[in-house]
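Today I opened a new notebook page for a structure I had not looked at before. Here is what I looked up, entry by entry.

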Amino acid sequence: MITSTGNQRIKHLLLLGQKASQRRAEGLFIVEGRREVEHCLAAGFMLRTAFVCPEIATVPFALPQHTEIVPVSPNVYERIAYRGGTEGIVAVAEARNLTLHDLRLSSSPLIVVLESVEKPGNLGAVLRSADAAGADAVVVCDPLTDLYNPNLIRAAVGAAFTVPCVACRTEECIDFFRNRGIRVLTAQLQDSSLYYDTPMTGPTAIVMGTEATGLTERWRRAADAHIRIPMLGHLDSLNVSVSAAVLLYEAVRQRKMQKK
């Protein structure tokens, strides 16, 4: 059992959680909490190591045989855990770096695209909405955040493993959609129609930018239609995760109505 927070393995674990460059160099990331670990395993990710605090993890974990289990004391677990109530487990898993061509899309895919998203918590929340709406994938273009940032994984509450997520360049994404006949809808205030007046029943990509600057001109020019959510108050924008949920569920509504 590891009882010292100065242990080299604990220092390495903390470094993986803090440094995106370290995660990229080793191809590893951190998963914290019983529910997140179970989602991670169910999605077929490989767990390298599980740091388990026996005093907290009163219910045994069904971990694969190849996973190294390292017991830690409560004081060490308190140091490596980012939040309470995680059932005493912090694991190290092997990352997957999906490309657009790795995606297994349905016959009429629904895809969310985020351009230059900055906050990992926002991306995590978008992944949750994408999972709930049954979206095929989330694509992050010109990303400013690491897809395996611990804050993203925590905010996604398992959706980081259930929804395929790809990071790529904007030009690559636009070409991919054009070649596959996927209609591009950009969320923007200028020159736009109300989102519920825009068809979303066919292959659709909903593209959103940052709250501060919106979308770049590249996406505006590539769009098949511009859509907006009506803003009836004094402000002119919603949090990107809220906007994503509104637009995704409009697509769900339209597709359900089409089947009737």
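**Before starting.** I call a residue buried under 20% relative accessible area, exposed over 50%, and partly exposed in between (1.4 Å probe, protein chains only). I am working with a predicted model, where local features need pLDDT of at least 70 and side-chain atom pairs count only at pLDDT 80 or more, while totals for chains, interfaces and linings use all residues. Residues are numbered from 1 along each chain as its sequence is written, and side-chain values use heavy atoms, with hydrogens and water left out.

I began with salt bridges, each a side-chain nitrogen of Lys or Arg within 4 Å of a carboxyl oxygen of Asp or Glu. Side chains of opposite charge can pair when their charged atoms come close. I found 9 salt bridges in the structure. Which residues are linked in a network of salt bridges? They are Glu115, Asp142, Arg169, Glu171 and Arg218.

I then followed Arg218, which is partly exposed at a relative accessible area of 30%. For elements I use DSSP runs numbered from the N terminus: helices (H or I, at least four residues) and strands (E, at least two).

- Glu115 meets Arg218 at 3.7 Å, N to O. Glu115 lies in strand 5 and Arg218 in helix 9 (residues 217-222), so this pair ties together parts 103 residues apart in sequence. Glu115 counts as buried, at 2% relative accessibility.
- Asp142 and Arg218 have their closest N and O atoms 3.2 Å apart. Asp142 sits in the loop between strand 6 (137-141) and helix 6, so its pairing with Arg218 in helix 9 joins parts 76 residues apart in sequence. Asp142 is partly exposed, at 23% relative accessibility.
- Glu171 and Arg218 have their closest N and O atoms 2.9 Å apart. Glu171 counts as partly exposed, at 36% relative accessibility.

**Entry 2, an enclosed strand.** Next I checked strand 10 (residues 204-208): 5 of its 5 residues are buried, so the rest of the structure largely encloses it. Thr204, Ile206 and Met208 point one way, Ala205 and Val207 the other. Strands pair here if DSSP finds at least two bridges between them. I see strand 10 pairing with strand 5 (residues 110-115) in the parallel sense over 5 bridges, with Thr204 as the bridge partner of Leu110. Strand 8 (residues 183-187) also runs parallel to strand 10, joined by 4 bridges, and there Leu185 partners Ile206.

Last, I looked for nonpolar cores, sets of buried Ala, Val, Leu, Ile, Met, Phe, Trp, Tyr and Cys residues joined through side-chain atoms within 4.5 Å. The largest has 48 residues, and Phe29 and Leu127 are among those with the most contacts inside it. Helix 10 (residues 240-259) gives the most to this core, with 5 residues. Apart from it lies another core of 21 residues, including Leu100 and Cys168.
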